[in-house]
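Please have the sequence and the model open while reading.

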Amino acid sequence: MNQFNYEEELGNHLVSSDLPSKCWAHIKVVNQETQQQQQQQQVVKYKRFDGQSPGDVTIIAFSCSPTCISSEGQRLVSSADLNFDHFKFLSTTSNPSFSIHNLAVQLFRSLPAQLFQEKIDSRKPLIITGHSHGGSVASLFTLWLLNNTYHTIEHRKTKLPICLTFGSPLLGDQGLQKAILSRSNWASCFVHVVSTQDPIPGLFLTPHNTIDSESNSESKYKSFGLYLFCSVSGVACFSQPEFVLELLGSFSSQNRHLNDYGLVLEGLKGKAIVRGTHLAGFDNNTLRTGIILQLQAIGMHDMQKNELIRRIETKQKESLEHKANYEVGLDENLKKMKIAMAYMEWYKKVTRTRGGYYDSYKSPTESGEIRSKANLVPHQITLTKSWTHTVNEAKKTDGKYLQFRLLMAGNNYRRMVEPLEIAKYYKQGLKDYWAGGRSEHYILLEKWLNDANSSFPQKQDNMPTTRTEPCSFNEDSCFWAHVEEALILVNMLCDEESSPQNEQLFRKLKHFEDYVMDSKNKHILDPEVFLEQSSFMKWWGIYSAHKGTSYDSPLAKFMGDKEYEALLRAL
């Protein structure tokens, strides 16, 4: 479904439902309470309305006193100046700063603490709503909820909240817009109802829709979410920012003001958003035709429509040119990463007969091994640079918004490349890789994957909780560091096996035995571990000589019976 059809379907669903009217009725209830406190500046109130039956929607409505509307003008406050922990999560490495309307921030700060302690059942529908600046507060509270409540819940059971505002002014700048659009599904949580008779939503775009009168440059305010533009004749819906800003600017220049959205909603009953793409006699560009028909539906005359579309198409062209330039660079980077990963897979195959992936990289002996390693290193560097950058970006939000597929790809990279970093570390004669050599980006990728697995238990999808076949790379990317530490321990054993130091070393080595067998039983061990020339087999040779032929343990039996040969035959 393309963007236009999606907006049309969502818009029609809302218009045909009683949800907007129900939200407006609740807002009016809160408005009455707010009006009783008009003598106070910047009063904001909220009220929660719970449905009577278990499946009913919960609505939290916000209202602000009318004195708020013109008290702050257009002033934005930057995230750098906010000193406001509630929204620091919106800042990332690629989008470090954003700005929010100062009054909206002040109003949000004045909300009572009990609101943030409300128990939210994320399995039930929740609507956050508000009118005018109450809508701005509703939007900020929805953002807070998305970060603080909904990211911890299993997505398959979660119904994300919907923020439905009426006549709400623009909230922030392009930085805020980017922060929301970069999070999966967040923008779809916001729906803004705007009357063509209401100049407040475009208040910060004066004197012309996208021009700031003071600087004579493009307005700093940007939109996000779906906008429903309503008039007595019909309704149109758009989410593309260039469409939204042009329309808001057009309506804000009209000297009219509507405060009762109940009348607007009443007039929309029985009306639907027109399906322009099914009608003939218009421009062959179906998207353009759909836009024209939607503008007609809300009462725009031909001159207005043509000028508006001309400006929008000019901006679209500029945007597409910028996007094309960006995607050229992005495609080139993805191409390099695919080539690098393919080379890693190739290197693993060719080293199976040379002692395995890990040991061939650590100690290449033949000229062919040395050349293969030299060819591999640039690809290893490419992958490490790219994933380090990705993790540093995600680190700002503790990986909460790293898409699961990207997280899985990152951990495939970790299992493939970190063993090579371990080989390089121990080749230098160093010890304790975890304390002195492990890069933070490996640690975070592993942590975020564990967090995701604990949040989305596989058993709920009737999926097996353990593997049934050996893996191609050790699931624990630090497996070879454990082997190297075991080698260090076994080489520390003295001739006097009954010494106190040896008893302590044997306890640690027994722990390593258990770790290896547990990994083997869970099928998360790469069979290459048991190749004849591997570091693990070197360790086992020294360790088993110390323990003697009478030593009995699960690992000793597994190795003594050469059960690992069945795994090697599968390579």
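The axes of helix α4 (residues 102-109) and helix α5 (residues 133-148) come within 9 Å and cross at roughly 65 degrees. The model is predicted: local features need pLDDT of at least 70 and side-chain atom pairs count only at pLDDT 80 or more, while totals for chains, interfaces and linings use all residues. Residues are numbered from 1 along each chain as its sequence is written, and side-chain values use heavy atoms, with hydrogens and water left out.

**Helices α4 and α5**

- Helices (H or I, at least four residues) are DSSP runs numbered from the N terminus, and axes are lines fitted to C-alpha atoms over the stretch in contact, with angles running from 0 to 180 degrees between N-to-C directions.
- α4 and α5 are therefore roughly perpendicular to each other (65 to 115 degrees; under 35 counts as roughly parallel, over 145 as roughly antiparallel and the rest as oblique).
- On the α4 side the contact (heavy atoms within 4.5 Å) is made by L103, A104, V105, L107 and F108, and on the α5 side by H133, S136, V137, L140, F141 and W144.
- Nine residues of the α4 contact with α5 are nonpolar, two are polar and none is charged (nonpolar: Ala, Val, Leu, Ile, Met, Phe, Trp, Tyr, Cys and Pro; charged: Asp, Glu, Lys and Arg; polar: the others, Gly among them).

**Helix α16 and its partners**

- α16 (residues 479-491) packs on α18 (residues 535-547) at about 30 degrees, with the axes 10 Å apart, in a left-handed crossing.
- F479, W480, V483, E484, A486, L487, V490 and N491 of α16 meet S535, F536, K538, W539, I542, Y543 and H546 of α18.
- The α16 contact with α18 has 10 nonpolar, three polar and two charged residues.
- α13 and α16 pack at about 25 degrees with their axes 9 Å apart, which makes α13 roughly parallel to α16.
- P419, I422 and Y426 of α13 touch W480, A481, E484, E485 and I488 of α16, a set of six nonpolar, no polar and two charged residues.

**Cavities**

- There are three cavities of 30 Å³ or more (a cavity is a set of points on a 1 Å grid over the protein atoms alone where a 1.4 Å probe fits but cannot get out; lining residues have an atom within 4 Å of a point).
- The largest cavity holds about 90 Å³, a volume being the space filled by probe spheres set on the points.
- Its lining has 13 residues, with Y357, P419, N474, W480 and D526 nearest the centre of the largest cavity.
- α11 (357-362) and α13 (404-427) are the elements that give two or more residues to the lining of the largest cavity.
- Six nonpolar, two polar and five charged residues line the largest cavity.
- The second largest cavity holds about 60 Å³, and residues lining the second largest cavity include S136, S139, H192, K222 and Y227.

Methods:
1 Å grid on protein atoms, 1.4 Å probe; cavity = no way out; pocket = protein on both sides within 12 Å on 5 of 7 lines; lining within 4 Å. Left-handed = near helix turned anticlockwise from the far one by under 90°.
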